[in-house]
Amino acid sequence: MSSVVVESDVQLSLDSIRESLVRQEDTVVFSLIERAKFPLNSPAFEEPRCLDSGNSSSLTEFFVREIETIQAKVGRYDNPEENPFFLDNIPHSIFPTHKYPQVLYPKASSVNINKRLWDVYFKELLPLFVKPGDDGNYASTAASDLACLQAISRRIHYGKFVAEVKFRDAPHDYEPAIRSKDTEALMKLLTFEKVEEMVKKRVEKKAETFGQEVKCVSGDDESEKKYKVKPSLVSRIYGEWLIPLTKDVEVEYLLRRLD
Ligand SMILES: C=C(O[C@@H]1C=C(C(=O)O)C=C[C@H]1O)C(=O)O
């Protein structure tokens, strides 16, 4: 193995990492609630409608590419928690950058499944939690989609930190499975079903709390509470997409952890 490649003395505990994931849930749930203000508005992300000849991006893709370029220039992607959707060559920051500790194993740190997330988000998730329809409000819709995509991307790629700490806590358990590229064994090692169940319950509660219609008239029937995004759906989005994608990131990272 190469000499010092990670700052293994950097404080990293599974508890603190899980705390960050809990806080990130707030951002994810809020971003979904905000996006649900707009209908699907599919021409924004499905159709190449750019009036500049030679640009075949959808409005949303164009918007995300441009914003990512600006964000790179102010150092967003120097932070190992952030992963771009489109930048293959990330522009350097044009401002002094913060020196983030090298917590992740360098050869595994570039794991990026945002292409997959992009497809999953627009084809599977979005139609579930927004109303069908088209109100033409594409610029605001694209901004809301980017907020969702960035929050979800940060959440699932946080799997790299989760995997690093799990590996450091039990390298002898993980090494044989990594060497034999046994993804099933890795998946089993890193899975904590009880934690997953708690996450699903908690995000449902958050969606109930953050997304209920607030009324000030006394005597309102509690049983008729209305929600901006159905709380059970948020739980399902976590259970069927966000948690599995996080675990796929963990496995991808671990497979490269001994390179
Ligand atoms: C993130 C972790 O790894 C796995 C993924 C989880 C998730 O995405 O919420 C929860 C538990 C684990 O099965 C963890 O252990 O906290």
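**Close-up views of a predicted model**

By class, the shell around the ligand comprises six nonpolar, two polar and three charged residues (Ala, Val, Leu, Ile, Met, Phe, Trp, Tyr, Cys and Pro count as nonpolar, Asp, Glu, Lys and Arg as charged, and the others, Gly among them, as polar). This is a predicted model, in which local features need pLDDT of at least 70 and side-chain atom pairs count only at pLDDT 80 or more, while totals for chains, interfaces and linings use all residues. Residues are numbered from 1 along each chain as its sequence is written.

**View 1. The shell around the ligand.** Arg18, Val162, Leu190, Thr191, Phe192, Val195, Glu196, Val199, Ile243, Thr246 and Lys247 surround the ligand (a residue is near a molecule if its C-beta atom, placed from the backbone, lies within 6 Å of it). Two or more residues of this shell come from each of helix H9 (193-211) and H10 (helices are DSSP runs of H or I with at least four residues, numbered from the N terminus).

**View 2. Helix H8 against helix H10.** The axes of H8 (residues 183-190) and H10 (residues 231-255) are 10 Å apart, and the two helices pack at an angle of about 120° (axes are lines fitted to C-alpha atoms over the stretch in contact, and angles run from 0 to 180 degrees between N-to-C directions). H8 is therefore oblique to H10 (angles under 35 degrees count as roughly parallel, over 145 as roughly antiparallel, 65 to 115 as roughly perpendicular and the rest as oblique). On the H8 side, Thr183, Leu186, Met187 and Leu190 meet Lys247, Glu250, Val251 and Leu254 of H10 (two residues are in contact if their C-beta atoms, placed from the backbone, lie within 7 Å). Five nonpolar, one polar and two charged residues form this contact of H8 with H10.

**View 3. Helix H7 against helix H8.** H7 (residues 171-179) and H8 cross at roughly 155°, and their axes come within 8 Å. H7 is therefore roughly antiparallel to H8. Asp173, Tyr174 and Ala177 of H7 make the contact with Ala185, Leu186 and Leu189 of H8. By class, five of these residues are nonpolar, none polar and one charged.

**View 4. The surroundings of valine 111.** The loop between helix H3 (59-73) and helix H4 (114-129) holds valine 111. Valine 111 counts as buried because it has 20 C-beta neighbours inside 10 Å (the cut-off for buried is 20 or more other C-beta atoms within 10 Å, with C-beta atoms placed from the backbone). Leaving aside residues up to four places away in sequence, valine 111 touches Lys160, Val249, Glu252 and Tyr253. Valine 111 and glutamate 250 are 139 residues apart along the chain, and their C-alpha atoms are separated by 9.3 Å.

Conventions. A residue is buried if 20 or more other C-beta atoms lie within 10 Å of its own, exposed if 12 or fewer, and partly exposed in between; C-beta atoms are placed from the backbone.
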